[in-house]
Amino acid sequence: IVPETEVIWEVYVDGIAPVSNLVFANSKSFSDKGKPVFGKEVSIEIKANDENSGIESVYYSLNGEDYKPYTSPFSIDNEGDHMIKYYAVDKVGNIELAREKSFKTDINPPKTYYTITGISDGEIIAITTKIYLSAEDSITGSAETFYKIDNEPEKHYLKGSFIPIKHLKDGEHKLYFYSIDNVGNKENENVVPFYLDLTAPIVASDILGDRYVLGDKIFFSGRTKMKLTAVDNKAGVQDILYSVDEGEF
């Protein structure tokens with residue numbers, strides 16, 4: 001070049017690998033012996049950053065599978081232990097050392113059971129009968145249990161307590177209940193019908209044989225028999241007890 005001209009050529013050197021990290025969203029987390037556990041709605045996102053040339057691509061491997069390009073957040077549809085490995089590559093070929101993260105997923109809701117103790121005959125119960133609830137979850141455990149009877153407001157069930165029924169009227173009722181585990185999986189509502197029998201049986205007596213009424217007295221002969229009959233509106237009669245001359249029933 002005439003005349004000679006000095007040219008400055010700026011070159012930016014990028015020798016630093018990018019940095020990536022995992023972000024778990026849309027789910028509660030729970031720690032199981034130090035390992036994080038997430039629910040079925042969990043979304044896994046890999047965020048990568050490079051301060052110089054920028055991110056070219058991100059790769060990940062789930063549970064030992066071959067690495068594949070990461071394009072968007074994804075979820076996991078099976079329950080249990082998982083291992084994810086991931087790394088990023090910048091626009092000049094610097095490759096991040098692979099990172100890894102182990103975690104669990106709990107995608108199944110808990111299961112709630114009911115137990116009836118005391119006087120009952122199938123779905124027919126007495127006022128002294130007690131109803132208990134218990135919930136099980138194989139991964140994170142049950143966090144809360146809720147119940148209601150008929151159209152009453154929903155209530156929180158206290159573990160080990162029994163459901164009060166003394167305020168209910170005689171007749172048919174329905175118990176609704178469900179549980180939620182520690183990562184937010186909610187059980188479908190259970191419905192248990194029951195009949196609260198508050199009406200006592202009715203006892204009638206019949207005189208079979210000789211009798212004679214004189215004033216307010218009834219005279220029987222030694223051949224006369226007394227027959228006791230009882231009926232009940234729902235549960236049925238279990239026993240008829242009687243006492244003669246204030247003796248033991």
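Ser 57 counts as buried because its relative accessibility is 18%, where buried means under 20% relative accessible area with a 1.4 Å probe, protein chains only. This serine belongs to strand E5, residues 55-62; strands are DSSP runs of at least two residues, numbered from the N terminus.

The model is predicted, so local features need pLDDT of at least 70 and side-chain atom pairs pLDDT 80 or more, while totals for chains, interfaces and linings use all residues. Residues are numbered from 1 along each chain as its sequence is written, and side-chain values use heavy atoms, without hydrogens and water.

What does Ser 57 touch, not counting residues up to four places away in sequence? The residues are Tyr 87, Ala 88 and Val 89, with contact meaning heavy atoms within 4.5 Å.

I turn now to the second largest pocket. A pocket is an open set of points on a 1 Å grid over the protein atoms alone, where a 1.4 Å probe fits, with protein on both sides within 12 Å along at least five of seven lines; lining residues have an atom within 4 Å of a point. The lining of this second largest pocket includes Tyr 132, Glu 144, His 156 and Lys 159. Strand E12 (130-136) and strand E13 (142-149) each supply at least two of the lining residues.

Finally, the largest pocket has 17 lining residues. Nearest its centre lie Ile 119, Ala 126, Asp 197, Ala 235 and Gly 236. Strands E10 (120-121) and E11 (124-125) each contribute at least two residues to that lining.

Terms used
Helices (H or I, at least four residues) and strands (E, at least two) are DSSP runs, numbered from the N terminus. Buried means under 20% relative accessible area, exposed over 50%, partly exposed in between (1.4 Å probe, protein chains only).
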